[in-house]
Amino acid sequence: MDTAYLVALAFLQGVTEFLPISSSAHLVLANALAPQSGNPASVIVALHGATLLALLVYFFDDIRRLLHGALSGQSGDRTYVVALGIATLPMIVAGAFLYEMFIQSNDPTMVAAVLIVSGLSLFVADRYAQSTQRRTTPLPMRGLVIGLMQLLAVIPGVSRSGITMTAGRLVGFSRNEAVRFSFLLGIPVIFGAQVWSVVTILRGSAAVLPVSPLALIGASAITFFLALGVVRLLLQVIERIGFAPFCVYQIVLGTLVLVTAIAQ
């Protein structure tokens, strides 16, 4: 794999993984632009591992507080942990099966159409949440709704963070709450996906590393620091800027890809 392409993948993964704009869509489009480079599974696993580490570092204190509170019987922390667990269950039960159904669906035009639908969905959900009063549905039930909608993230072009933030807004979370719950939910989900991917790689023929270990470590470092910065920035500004910029970006990008495909 070309070093420049590896660095480009690292930047894409670090910037797009936690923004509601679909990292998988950007990886598919990058591969369409440079098909000779491809997206080797071992490289993608390493970069996803860097984003997982970024979440663990940023939310270390939150995780420790939630677990301590849940184990010591504090109802608020215990309820939040239960909600996260319930939200994770659908992906554990059906995630791998659904992923196998869609793994070959990496057509850029399909991904572009999904980007447009995802952008519109998040925009509508955000506007709907603004026009209604906050819901009083129990937190575990909200977690179940978010977890079920998260299953859509197996479709290339559907952002895991974006669909869970969309669901969070629909069930009555504030923007900041929706983003925070999405990020915390990403920890067990990304970890599970990493384990599944590593097992798949070791069983197949994709275990050959297409770059030097040093280059991969450097790319992972780029992804880690970018992802850490994105998480911090988004939590600081989301209540002020809203989701509209990300919705517009997805719609414009998807439209450009579709127009380009039609013109060819």
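A: Start with contact: it means heavy atoms within 4.5 Å. Keep in mind that this is a predicted model.

Q: What covers the buried residues of H1?
A: The cover includes helix H2 (23-33), helix H3 (41-58) and helix H10 (213-241). The buried residues in H1 are Tyr5, Leu6, Leu9, Ala10, Gln13, Gly14 and Thr16.

Q: What should helix H1 span?
A: Count 1.5 Å a residue. The 14 residues of H1 (residues 3-16) should then span 20 Å. The end C-alpha atoms of H1 are 20 Å apart, so the two agree.

Q: Which residue caps the N-terminal end of H1?
A: Asp2 does. A side-chain oxygen of Asp2 lies 3.0 Å from the backbone nitrogen of Ala4.

Q: How many aromatic pairs are there?
A: Rings pair if their centres lie within 6.5 Å, and planes over 60 degrees apart count as edge-to-face. The count comes to 6 aromatic pairs. Take Phe18 and Phe183: their ring centres are 5.6 Å apart and their planes are at 70°, so this pair is edge-to-face.

Q: Where do Phe18 and Phe183 sit?
A: Phe18 is in the loop between H1 and H2, and Phe183 is in helix H9 (residues 175-203).

Q: Is Phe18 buried or exposed?
A: Buried means under 20% relative accessible area. Phe18 has 1%, so Phe18 is buried. Phe183, at 0%, counts as buried too.

Terms used
Residues numbered from 1 in each chain as written. Predicted model: local features only at pLDDT ≥ 70, side-chain atom pairs only at ≥ 80, totals over all residues. Heavy atoms only, no water. Helix = DSSP H or I, 4+ residues; strand = E, 2+ residues; numbered from the N terminus. Expected span 1.5 Å × (residues − 1). Buried < 20%, exposed > 50% of the residue type's maximum accessible area, 1.4 Å probe, protein only. Polar contact = N/O pair within 3.5 Å; in protein donor to acceptor, adjacent residues only side chain to side chain. Phe/Tyr/Trp six-rings, centres within 6.5 Å; stacked < 30°, edge-to-face > 60°.
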